[in-house]
Amino acid sequence: MQTLSFTEFFPKALLVDFLRYALTTGIIYLIFWVLFFKKWQHRVIQKKPLQLAKMYTEFAFSLSTVFVFALIGTGIALAKSAGHTLIYDDFGERGWVWFFASIGLMIVLHDAYFYWTHRLMHHPLVFRHVHLVHHRSTNPSPWAAYAFHPLEAVVEAGIFPLLVFTIPLHGLALFVFLVYMIVRNVLGHLGIEFLPKNFLSNPLISWHTSTTHHDLHHKDFNHNYGLYFTWWDKWCKTEHPNYTETFEEVTTREKAQGNGIKTLLMLLLASQAVSAQSVAGLWQTYHDKSGQPLSMIRIQEKESGIEGRIEKIFLQAWEGEDPICEKCPGDFQGKKVIGMQFLWGFKKAGSTWNDGRILDPVSGEIYQSKLWLEKPKVLKVKGFWGPFYRTQTWQLEQDNQDNNPVTGTWKTIDDKSDKAKSLVKISEQNGVLSGQIIKIYLQAWEGEDPICIQCPAPKKDTKIVGMTIAWGFTKKEKQWENGKILDPGNGKTYLCSIWLENENTLKIRGYWGPFFRTQTWKRIKSE
Ligand SMILES: [Zn+2]
Ligand SMILES: [Zn+2]
């Protein structure tokens, strides 16, 4: 057999892999973002245009991946010519059934390989140095398909040696796999959801990932690590909680018409849908006729729906301070208006919150009402009174995010038993967070005021109540990262990141190699 030389084969491998990336991406980009953009415009997942400069960067990093893939490909070709791989050339050797089965097998194995290496890439120690390159694209374009740090490219290419040294594969099967791989990868970063709206409700196909699936990974980082299939994310509970909802929102949008005015209306409606995610925050209310500011309302999102309390009233001098509600019904009667929960029970339905009640502290009447975000910081509140209604416009004064720091007292809940374990007080000093145990919920047999027998020095044999068990977190975007958390139960310290899921829910994720566990802590109002 003729031996292959590196210098002869490598340039060919480079060219083939470059064409594989550039042609697939180019064709798909041209179809969706250029030639038929009008047809797909309403399906742009994040409703943002692609940025040219971003696409250049994605392209440049993809070229370095092409280089790494060509190197590994050349290595495999050399190994094959020296007879070290299980790649075979004669179809007759294994037949057609194996030919197709081997393609399916490669895809399933690659999906698992990708999921777990991807999880590893998200480990805080690796993420910043390696995988961040890929995540620079929070609104990815198809060109991001191979935008990896060279080290990540090596890990990505690692699937090939694993396959060719362990499974008998025909060269053509490998080629089909390579085509499938690049096409799925490009589609995952397309930025446009092209799948039909009933895709997720069809059990025969819904287990394939969609563009929305991976787009959410780029947008929010913490979920949807899978590549071809949704299996691993389902099994490991890492599927994005809003995956189905987002997919439905994108695929049920109405198509923009050629008519200019209508398009403008569509955009307004579209922005309403996007921002309909949270109404929590401090809102200023205005009189619907005079436009005078009336009050400040704090809206909170709870599991039972949303609630609002009056935080401030803009009173006229003659109205006195801190009024009480004289006309209010039932339990509200004679109570202070400030601090009163006067809005409750709203349930989210698509982009509106329906079936709520609003108490008017002036008349004492309770109205059925609904509300929705007209723009990100403008809330419309519609109160019904028989067949009549009035609509008020409220303006957002203070974003919920800034106003609800992670500091405060939290009830820790065991992720396995769901039982409350302790109270932890989180405080911040010079931009660094730490957490101290202030109470433990003990069983009778555990005694009182335990000490940590297994903790490392200097905490060894000191009391658990009062102990600092979390420290060193610094803020990065919406997360607090690179902290450490000590489990007094086993004395082990884990790398940890935390983030607010909503105002009253904190997520704590401890890492152990490529694995992690996530706990949910609940905010305690009074200490
Ligand atoms: Zn990622
Ligand atoms: Zn990606």
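1. Glu 311 is partly exposed at 38% relative accessibility, whereas Arg 298 is buried at 13%. (Buried means under 20% relative accessible area, exposed over 50%, partly exposed in between, with a 1.4 Å probe and protein chains only.) Their side chains form a salt bridge, 3.0 Å from N to O. The pair links distant parts of the chain: Glu 311 sits in strand β5 (residues 305-313) and Arg 298 in strand β4 (residues 293-302), 13 residues apart. (Helices, H or I of at least four residues, and strands, E of at least two, are DSSP runs numbered from the N terminus.)

2. This is a predicted model: local features need pLDDT of at least 70, side-chain atom pairs count only at pLDDT 80 or more, and totals for chains, interfaces and linings use all residues. Side-chain values use heavy atoms, without hydrogens and water; residues are numbered from 1 along each chain as its sequence is written, with chains lettered from A and ligands numbered from 1 in the order written.

3. The count is 8 salt bridges, each a side-chain nitrogen of Lys or Arg within 4 Å of a carboxyl oxygen of Asp or Glu. Among them, Asp 89 pairs with Lys 80 at 3.3 Å. Asp 89 is exposed at 57%.

4. (Donors are N, O and S atoms within 2.8 Å of the metal, 3.2 Å for Na, K and Ca; water is not among the atoms, so sites may look incomplete.) His 214 and His 218 share helix α9 (residues 211-220).
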